[in-house]
Amino acid sequence: MVLGEAKSKLFLYRPKDTEFADPDKARSFFVRISRRLISDISAAHGIDLPAKKIEMLANIFAKYTSGLGIIEDVLSDENIQDIYINSPVSQNPLHVVVNDDECVTNVYMSEDDLESMISRFRSISGRPFSEAVPVLDLALEEYKTRVSVIGNPLAKDGLAYSFRRHSLRPWTLPRFIEKGMMS
């Protein structure tokens with residue numbers, strides 16, 4: 001309830017400069033504002049939240065407003081090599097590759113999640129994304145990951161995403177043999 005009300009009041013707070021375009025500054029802005037909103041809203045409803053809980057909720061709020069939401073949690077697992085979000089997202093759960101095995105999760109993204117993520121990616125990369133330019137590739141350095149997004153007309157049923165983590169272990173001839181890719 002507190003987070004829902006904080007989200008509805010967020011539009012009242014607008015940054016006063018262009019530094020907000022920087023993802024790191026945007027995140028700290030959202031943490032700072034949400035910390036204040038959560039404190040005020042919980043106090044107004046007579047909910048006593050300890051400072052530690054307010055900080056946790058502020059970070060969750062920032063993750064879902066200026067970050068990548070659940071994708072951040074998935075990318076924080078270094079065993080995950082790839083993440084796929086296929087369209088239409090309402091019918092396709094998140095796919096992950098863990099230790100060379102593809103797994104289907106029980107996590108479903110929403111169209112709103114994907115639309116806000118592509119907005120962030122356009123901002124981070126400075127590149128266009130539209131029907132005229134339906135592919136966007138960029139690096140997420142903090143996660144050591146490459147992202148590819150495709151949209152209409154290449155993905156008719158909505159946006160599709162592919163996240164690929166940079167390998168920490170380079171491919172060598174012995175590794176190809178170990179993985180059965182060659183004799």
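## The loop at Asn 99

Asn 99 sits in the loop between β2 and β3 (101-104). Helices and strands are DSSP runs numbered from the N terminus, at least four residues (H or I) for a helix and at least two (E) for a strand. Although Asn 99 is not a glycine, its phi is positive, at about 50°.

This is a predicted model, in which local features need pLDDT of at least 70, side-chain atom pairs count only at pLDDT 80 or more, and totals for chains, interfaces and linings use all residues. Residues are numbered from 1 along each chain as its sequence is written, and side-chain values use heavy atoms, with hydrogens and water left out.

## Overall layout

The protein has 183 residues, of which 34% count as buried (under 20% relative accessible area; exposed is over 50% and partly exposed lies in between, with a 1.4 Å probe and protein chains only). Its secondary structure comes to 6 helices and 6 strands. From one end of the sequence to the other, these elements follow the pattern α-α-α-α-β-β-β-α-β-β-β-α. The C-alpha trace of the protein spans about 70 × 40 × 35 Å along its principal axes.

## Helix α3

Helix α3 covers residues 51-65, and Tyr 64 belongs to this helix.

Which residues of α3 are buried? They are Ile 54, Leu 57, Ala 58, Phe 61, Ala 62 and Lys 63. Tyr 64 has a relative accessibility of 43% and so counts as partly exposed.

## Helix α5

Helix α5 is made of residues 111-125, and Glu 115 is part of that run. Glu 115 counts as partly exposed because its relative accessibility is 43%.

## Cis bonds and positive phi

Most peptide bonds are trans, and most residues other than glycine have a negative phi. Against that background, the peptide bond from Ser 87 to Pro 88 is cis, with omega near -5°. Pro 88 is placed in the loop between β1 (80-85) and β2 (95-98). Another cis peptide bond links Asn 152 to Pro 153, and here omega is about 10°. Pro 153 falls in the loop between β5 (145-150) and β6 (160-165).

Where is Lys 144 found? Its place is the loop between β4 (135-140) and β5. Lys 144 is a residue other than glycine with a positive phi, near 50°. With a relative accessible area of 47%, Lys 144 is partly exposed.

## The segment after α6

Helix α6 runs over residues 173-178, and Met 181 lies in the segment after this helix. Is Met 181 buried or exposed? At 54% relative accessibility, Met 181 counts as exposed.

How far apart are Met 181 and Pro 134 in sequence and in space? They are separated by 47 residues in sequence, and their C-alpha atoms are 33 Å apart.
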